[in-house]
Amino acid sequence: MGSGTVEIITGRERRRRWSVADKLRILAECDAPGEQVAEVAARHGVYRSLVFQWRRQARDGLLVAEPTPEFVPVRVAAADRHGEALPEPEPVPPLPPSPRVATAIEIELPDGIRVRVGEVGLVALRRVLAALRG
């Protein structure tokens with residue numbers, strides 16, 4: 001047999017690094033109705049005193065959630081062959097949707113046949129629906 005060292009840990013693990021999100025989640029569990037700090041701390045393997053320290057830090061504004069990353073708009077500017085930025089073209093406003101034109105229709109007949117048509121005028125759509133109704 002090889003000689004080795006055996007370590008027996010009988011108490012809570014020490015020097016664990018808790019993320020801010022973990023700390024806040026544990027504090028939220030402590031604030032749930034009917035929960036006791038001692039039970040929540042034991043469930044997560046931390047001392048009650050540490051939970052109270054986190055609670056104090058949160059109250060003093062030292063323990064706050066990290067800001068959620070957000071997307072920001074990006075615009076790529078066109079450049080000429082010398083790397084000089086070209087003037088921006090005038091923005092073209094989007095066309096308002098026309099109430100008379102549907103973008104597309106799909107009709108499934110009782111026998112399973114499907115008819116798909118794009119850019120249908122309102123008058124034509126009414127005629128098709130009237131013909132289907134009989």
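**Close-ups of a predicted helix-and-strand model**

**Figure 1. The overall layout.** The protein has 4 helices and 2 strands, where helices (H or I, at least four residues) and strands (E, at least two) are DSSP runs numbered from the N terminus. This is a predicted model, with local features needing pLDDT of at least 70 and side-chain atom pairs counted only at pLDDT 80 or more, while totals for chains, interfaces and linings use all residues. Residues are numbered from 1 along each chain as its sequence is written, and side-chain values use heavy atoms, leaving out hydrogens and water. Read along the sequence, the pattern goes α-α-α-β-β-α. Of the 134 residues, 13% count as buried (under 20% relative accessible area; exposed is over 50%, partly exposed in between; 1.4 Å probe, protein chains only).

**Figure 2. How confident is the predictor, and where?** The average pLDDT (the predictor's confidence in each residue, from 0 to 100) is 78 for the protein, and 81% of the residues score at least 70. Where pLDDT is low, the predicted coordinates should not be read in detail.

**Figure 3. The buried side of helix α2.** In α2 (residues 37-44), the buried residues are V37, V40, A41 and H44. These four cover an arc of only 100° around the axis, so they sit on the same side of α2 (the arc is taken from the directions from the helix axis to the C-beta atoms). They pack against α1 (20-31) and α3 (48-59).

**Figure 4. Where α1 meets α2.** The two helices pack at an angle of about 145°, their axes 9 Å apart (axes are lines fitted to C-alpha atoms, for helices over the stretch in contact, and angles run from 0 to 180 degrees between N-to-C directions). On the α1 side, R25, I26, E29 and C30 make the contact; on the α2 side, V37, V40, R43 and H44 do (contact means heavy atoms within 4.5 Å).

**Figure 5. A tryptophan pair.** Searching the whole structure turns up 1 aromatic pair (rings of Phe, Tyr and Trp, the last by its six-membered ring, with centres within 6.5 Å; planes under 30 degrees apart are stacked, over 60 edge-to-face, the rest tilted). The rings of W18 and W54 have centres 5.8 Å apart and planes at 65°, so the pair is edge-to-face. It links distant parts of the chain: W18 lies in the segment before α1 and W54 in helix α3, 36 residues apart. W18 is buried at 13% relative accessible area, and W54 is buried at 3%.
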